[in-house]
Amino acid sequence: MKLTDLQLQRYGIYQNVSWQPPAAGLTVICGENESGKTTLLQFVRDMLFGYRRGKRRGRKGNLAVELANGRVYRIHRDEGETKVTDDRLETVIGEPADLWWNGLDRNTYEQVFAIGLEDLQGAAILAQDDVRAGFLSMQGGEQLARTQRDVANAREELLVASPQGKRVINQLLNDWQKAQNDVVALAGEEEEFAAIRREQNEVDAQIKAAEEAIAALDVRDRTMDKQIGAWEYYREGIETKRRLDLCSTIEHFPADGKERWNKLVQRMADVNEQREAVQQKLAAIAPTARQDVVTLEPERDEIASLYRESERWRELQQEEIAKNEALAAWQQEFAARTETMAAWPVAETAKLGTVDWTKGRELAAQLLRRDNELHYWENDEPVVEAAQEIKTADVPRLTDETEFQNWEQEGQEMLLLAREKQHLTDEIEWLETLPVKRYSAFFWLGFLLVLGALAAFYLYFTGGLGMEALYIVGGALALSLLCFYWNYRKSHQNEYRLAKLNARLAELQARQTELAQRLELAIPETESELENFRQELETARRDFYRYQTQLQAISWQAESERRQRLEHEKWAARGAKLRADREISEEAWTKWLAAEHLPPTEAAEIDLRQAQWQELFTAKGEGEILRVQLERIDRQLTSYTERTASLLQRIGETAPATPETIIELADRYQEQMLQWQSLQEKNRRHEELSKEKALLDERWTLC
């Protein structure tokens, strides 16, 4: 079997990935840790044997395989759904393991056939002679194929698809069917039936033994197939190990180490000679330090910075005076504006700042929504209607349905008994009117037979007839007795019938009396009484079912009342929750007003309060801008003063920290720079030699 196409649509780290392995040769997959090698191997196993329990969610893919016969199949698995199609796009029923590998399970595949990393690392043991011999002994070698052929031949001999086939089973089945037919034909004869039953049991036992033998041969055949598959995987493992053993590592070592070392020693000698020559030149030149000539050099940048900003320093001094005058005018105007807004205390206007009006509007809308919900809740109170009660006068004598059904059945039985009693009475009266006949045709026939017997006896006595006359006498007397018996039955038939009818009538009367006591009703005798009894039954039925209907209606009303009370309880609970939510919203609204330093305000007046705040905040902002500008000017002036005072302290000068002092220091620095330029050429030559010396020192260090 070859893997020809892998489609990993959703599987672990793979999403919509496809791969077609080479058709020939050994394929080796390598990569970094956690790069998906094991996931790809797990995908192949899941496609062949199905997803493990609990690990199928979100997984989807398909795998194409080519069998040894050249047929190509594709296995599709989408979570719990599985489909196998062939190269003609026809669906194949069954799992791949059952179709191609004789029911091989996943555990056997992973423990015996699959070759993992650890298996490859220890694959060398498979080449040992004792292991190979043991493995071949387990598999059976050539005997395996011979045994498999014997099993197949035995099955063909046992089950042959021809009229002459299935000799053993067909013969047993024919014997069993013959025994069945004999059992049916001889069921009346006990001994033969028992023998046939024993024969049938023996035939059944033989059939069962033959079926068990066939099942055992099937199991052995599947075992042989698994062992053949194991041998094929063993051969593939040996071939894989042989190919992996071809890999080897090669190491390289440098060969010019001695020559490179000699060059390094020569370069170090040259660098050292150059260092000594440069050092002699540096000793002949004595440089003049810049700080000895330009005493203000350490503060050069600070002096230049303050000199450039000296004009800005003077401008800020003039601007500070103007801003202080504007701030005094604004304070007078703002005090006059706050007096026109009584809702804003003076203390609150002093704390006026930026307000989160978005949050305020959300809290106001929430509070208004809670008020509306409470208003609608109060108008939505459910009505609770009390259930009605049944009056005592309307309650029938029987209220239980089972008791009423028994009572009604007994009433219907009373009606049937009354009808039957009437029919019995009519029949008794009719029988009593019939005449009594004591002598029927059977009597006269018996009389004639007696006369015939006497005549035959006479003939025997006189010798006219022999022994046959006695037979005639006996037969005639027996027939005469039978005729007299039937004459007696015929003549007393009506009396017997009357006795039975009277006994049945007495039974009916006793049963009617018993039913009348239970029903508490009179026994109906006439047609009018029967009609009255039937009407009483109908009235009782109507009253009972009217009462049951009332009970059902009251039950419905009670259920409706219960549901209404539940709705009312839910309504009350919802009201309590709405009140609690309203209190929470009101508390949040109050806290927001206090946190934003706003006066007490209704939620519906937030727009008005925002407009007032905007007016005050704008006016206050003008003053804040003036204060900020003054603070900025003061910080800048303070910075200039502190920087100048610090500079004067560092250079040891005692002068006021003013822009004029900075200008004087800048002029002195220029004079020192002119003096330094005349000595700069000598110092430049000394600097070049120093750099050359440093470069040589660096090369020496590298060597």
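**Figure 1. Residues 441-463 and 469-488 in the predicted model.** Over residues 441-463 the chain is 96% helix and 0% strand, with end C-alpha atoms 33 Å apart. Residues 469-488 are 100% helix and 0% strand, and the C-alpha atoms at the ends of this span lie 29 Å apart. Helices (H or I, at least four residues) and strands (E, at least two) are DSSP runs, numbered from the N terminus. An unreviewed UniProt entry annotates residues 441-463 and 469-488 as "transmembrane region"; such annotations may be inferred rather than shown by experiment, and UniProt positions are given in the numbering used here, with feature names shortened. Residues are numbered from 1 along each chain as its sequence is written, and side-chain values use heavy atoms, without hydrogens and water. Because the model is predicted, local features need pLDDT of at least 70 and side-chain atom pairs count only at pLDDT 80 or more, whereas totals for chains, interfaces and linings use all residues.

Figure 2. Rings of Phe, Tyr and Trp (its six-membered ring) pair if their centres lie within 6.5 Å; planes under 30 degrees apart count as stacked, over 60 as edge-to-face and the rest as tilted. The whole structure contains five aromatic pairs. One of them joins Trp357 and Trp592 edge-to-face, at 5.7 Å centre to centre and 70 degrees between the planes. Trp357 belongs to helix H14 (residues 357-379) and Trp592 to helix H19 (residues 527-595), so the pair ties together parts that are 235 residues apart in sequence. Trp357 is buried at 8% relative accessibility, and Trp592 is buried at 5%. Buried means under 20% relative accessible area, exposed over 50%, and partly exposed in between (1.4 Å probe, protein chains only). Trp377 and Trp571 form a stacked pair, 4.2 Å centre to centre with 10 degrees between the planes.

**Figure 3. The salt bridge between Arg74 and Asp5.** A salt bridge is a side-chain nitrogen of Lys or Arg within 4 Å of a carboxyl oxygen of Asp or Glu. The structure holds 25 salt bridges. In the one between Arg74 and Asp5, the closest N and O atoms are 3.0 Å apart. Arg74 lies in strand E4 (residues 72-78) and Asp5 in strand E1 (residues 2-11), so the bridge ties together parts that are 69 residues apart in sequence. Arg74 is partly exposed at 24% relative accessibility, whereas Asp5 is buried at 11%.

**Figure 4. The contacts of Arg59.** Arg59 forms a salt bridge with Asp46, with 3.3 Å between the closest N and O atoms. Asp46 is buried, with a relative accessible area of 2%.
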